[in-house]
Amino acid sequence: MFDETLITAVLVGAIAASVPLMLAGIGELISERAGVLNIGLEGMMLMGAYGGFWVAIETESIWLGFIGGAAAGALASLVMVFLCVRWGLDQIVVGIGVLLGAEGLTSLLDAATFADTRPRIGITARLDIPGLSDIPVAGRVVFGEPYMVYVTLLAVAVAGWVLWKTPWGLAIRATGERPEAVDAAGVNVVVVRSLAVLSAGVFGGLGGAYLSLVSAGNFIPMMTGGRGFMAIVLAMLARGRPLLLAAGALLFGFATAGTTALQLVGVEVRPEIVNSLPFAVVLAALVLLGRNEFLPSALALPYVRGER
Amino acid sequence: MDAESAGSVKDSIAPLIEITGITKRFPGVLANDDISLSIEKGEVHCLLGENGAGKSTLISILSGMTRPDAGTILIEGTETEINSPRQALDLGIGTVYQHATLVPTLTVLENLILGNTKGATLDESEGRRRLDELASILGTDVDPNAVAGDLALDEQQVIEIIKALWKGKTALILDEPTAMLAPAGVAELGKMFQRLKAGGLAIVFITHMLHEAIEMGDRVTVLRQGRVAGSIGPDELRSEQSERLRDRIVEIMFGSEATELGDVAELHVDVLEDHPDQGSLEKATSDAGGRSIGAPILKLDNVSLEASPASHGLHNINLTIAEGEILGIAGVGGNGQAELAEVLAGQRRVDSGQIHLLHDGNLQRIDRLGVHARGQMGLRYVSDDRRGEATVGSMSVSINLVLKKIGDAPFWRWHIMQAGEIQRNAESAIENFDIRTPSADTNISKLSGGNIQKVILARETMSNPRIVIHNKPTHGLDVRTMLMVRERIRQMAAEGVSAVVISNHLEELLDLCDRFAVLSKGRVIGIVENGPDAERHIGDLMVGGTVS
């Protein structure tokens, strides 16, 4: 029953399911570290999913598609930058606005552009590492993934390095805790937070683009299906640490792939229950680890110089 | 000759910072009204004034946090605009703000290099070098890898100063740096000022303590209602006796009311001055102790709280407070004072032990009762966390005055708010406690710290208190408000209302209390009666207590 193909399928599925969460989660983590709770992440992912797919179809290039997805996510995050960071409006209200706006906009654009043709994208380029990829099971999974998986892992590592080893990372971490200290030290809080929110848009857009370009191969309205919110939860559970975030995303990925495997081996459970398992796993993690959750003190609080 | 040489120096070089005609208006307040003064190199310039006199506004203008509506700033003779904290730092003006600006989750070193955004990676070795250099100038020892939030308040203060000096190579501005410091810390700060002055730095320093201004300042400027009310130059500060200087300053600060305040103001200036051991203790204690003290009203038996990483806890506290008695809780801050206050107020449950309160003629056990029930039995708590747990900033003064009586008659009837009653209650509190507020409907966050303290005091002491716990009741208040608060505590004691006063200022306790309990690491290590030797006894206990 548990043969090589099944295990391979689970591993491949786990990684495929975790990549969009890792990408979006790392963006959210940076944004939260800077003190901006980016509730609109799901909307940024949707924008990235549509924008990425549209660019990929127009240019016939997956890579340009990813760049388009990042740009579309960044565009959506500009709403947060201007309304919340610059003008100090409520982050939760604006975030929900971004989500609803993106849902409406992408559904409308999808109907306008792809309603008749329903184009699809084939299998994306994989990085085959000679020799290593030939190892049974593990080799096929670990060393035969789409390039984007490696880009994602690199992004996690780079985010960790930037947050702990660079002046801007230090400024981001300090801004989420005590923005007035950052201001007093002569660093512009608005600039730090704007960059952090923009990076949430870029990474959210990439995560969304991964869904449409790699996971599904086409764009479907509302295709993110709550992954943006899952990424927000993971970023909070990870206590601001990129590696923990990657681990959490993998856990979700395995739960997702595990349920697929259950269906494949013919376990008699209603599909609705099977499909909710990954969310139940993350919920359980939230209950077990949520006590130790780390949230920056100035999270979701607008900063206006001289006011407290 | 002295005066002449000083004069010639001034003629030849423009002052380091010269401000003229600075005016700043906030909605409803003229915070700074045509202020002009100059700050010289190698001088400590003290700014004095009541809460709300405009000192902090002036400082935030110099540090680039606030822009003035009118006026000019000349730096070494050149007109300069300071539009952002970054610009102030680039001009060499470093500031220690009244509210802590260290990021508690970062290390000391990370806090210090926070402002340096040049370069791809953090330059920790350069940071360490500069930290060593500044620490040696200040004569202190600093662990660069300690997490800022774990440090004691006075250690954090030193880091704040180092942080300000990091870029502040020409001027250092400090907004009430001594408010949270024990006397030893203040003395240490004075030594640091001497070293920095010798290096040619200009220091601007806000304080409420007249003796600090007289001892540490080379020049004193007094602000009153946003204007310069007067100043005392270096020659006079050096030559005059401190007693005369104090009278001058009090006169400038309070004008016509000076005579009536003069006597009492002495009390809080005298003790640390010149002869810190004896001082004018007899005078300070003269009106304490003379009260008639009645039966026990509050009794603590073996009250204990478990220790935790953040707290010493409480261990077998046994105390009895009599009717009309004022008991002082002395000791170095952080030795269980906050825990004791919360346990007495009913905000924290004791882990073991009992608390009894006199009610309906006999001592009743209250350690299982909540804040509301204890309040109704006459036990009240004046918290030190004025803008935190004690008030709701976004609500009006009148609502804050009934915050602990939500649902109670006459302010609520059949669960409906009685706006008229609440308004009447507020009006009488505003009048009786001299609360300076535009109206009873003003949000309490718009008031100065002193006026918020008056609101809290009014709320806790109106309507039949029996015993009031005061946690740092005058912390950060100006002289006038401080005296008013102390007078209220004394007056209530004369009427038979007991008080427990927790304070970091020994001088305040000596002024008010009949007896003192000295806390160390969550234990009462001694009980001292007020009297001529009290200060020495308490001092011995505090020093001995912290060493063991």
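B:P410 sits in the loop between helix 15 (397-400) and strand 17 (412-413) of chain B. Helices (H or I, at least four residues) and strands (E, at least two) are DSSP runs, numbered from the N terminus. The peptide bond from B:A409 to B:P410 is cis, with omega near 0°.

The model is predicted: local features need pLDDT of at least 70, side-chain atom pairs count only at pLDDT 80 or more, and totals for chains, interfaces and linings use all residues. Residues are numbered from 1 along each chain as its sequence is written, while chains are lettered from A and ligands numbered from 1 in the order in which they are written.

**Two residues with positive phi**

A:E60 has phi near 55°, a positive value in a residue other than glycine. A:E60 lies in the loop between helix 2 (41-59) and helix 3 of chain A. Burial is counted from C-beta atoms placed from the backbone: a residue is buried if 20 or more others lie within 10 Å of its own, exposed if 12 or fewer, and partly exposed in between. A:E60 has 10 C-beta neighbours inside 10 Å, so A:E60 counts as exposed.

B:N302 is not a glycine either, yet its phi is positive, about 50°. B:N302 belongs to strand 11 (residues 296-305) of chain B. With 13 other C-beta atoms within 10 Å, B:N302 is partly exposed.

**The chains**

Chain A has twelve helices and zero strands. Chain B has 20 helices and 22 strands. In the table, contact means that the C-beta atoms of two residues, placed from the backbone, lie within 7 Å.

| Item | Value |
|---|---|
| Chain A, buried share | 49% of 308 residues |
| Chain B, buried share | 46% of 548 residues |
| Chain A, contacts with a separation of 6 or more that join residues 24 or more positions apart | 77% |
| Chain B, contacts between residues at least 6 apart that join residues at least 24 apart | 69% |

**Helix packing in chain A**

Helix 6 (residues 147-165) and helix 11 (residues 242-264) of chain A have axes that come within 9 Å and cross at roughly 155°. Axes are lines fitted to C-alpha atoms, for helices over the stretch in contact, and angles run from 0 to 180 degrees between N-to-C directions. Angles under 35 degrees count as roughly parallel, over 145 as roughly antiparallel, 65 to 115 as roughly perpendicular and the rest as oblique. Helix 6 and helix 11 of chain A are therefore roughly antiparallel to each other. A:V156, A:A159 and A:G160 in helix 6 of chain A meet A:P242, A:L243 and A:A246 in helix 11 of chain A. This contact has five nonpolar, one polar and no charged residues. Here Ala, Val, Leu, Ile, Met, Phe, Trp, Tyr, Cys and Pro count as nonpolar, Asp, Glu, Lys and Arg as charged, and the others, Gly among them, as polar.

Helix 7 (residues 167-177) of chain A is largely enclosed by the rest of the structure, because nine of its eleven residues are buried. Among the buried ones are A:R173 and A:E177. Their cover includes helix 1 (4-33), helix 6, helix 8 (179-184) and helix 9 of chain A, together with helix 4 (108-113) of chain B.

A:V79 is in helix 3 (residues 62-86) of chain A. With 20 C-beta neighbours inside 10 Å, A:V79 counts as buried. Leaving out residues up to four places away in sequence, A:V79 touches A:V94 and A:V98.

**Cores**

A nonpolar core is a set of buried Ala, Val, Leu, Ile, Met, Phe, Trp, Tyr and Cys residues joined through C-beta atoms within 7 Å. The largest has 163 residues, and A:L234, B:I162 and B:A171 have the most contacts inside it. Helix 9 (residues 189-216) of chain A gives the most to this core, with 14 residues. A second, separate core of 74 residues includes B:V343, B:V455, B:V468 and B:V524.

**Chain contact and domains**

The contact between the chains takes 23 residues from chain B and 20 residues from chain A. Helix 3 (residues 85-90) of chain B gives the most to the chain B side, with three residues. That side has eleven nonpolar, ten polar and two charged residues.

Chain B is divided into domain 1 (2-270), domain 2 (284-378 + 464-547) and domain 3 (390-462). These bounds come from an automatic or database domain assignment. The C-alpha centres of domain 2 and domain 3 of chain B lie 26 Å apart. Ten residues of domain 2 of chain B are in contact with seven residues of domain 3 of chain B.
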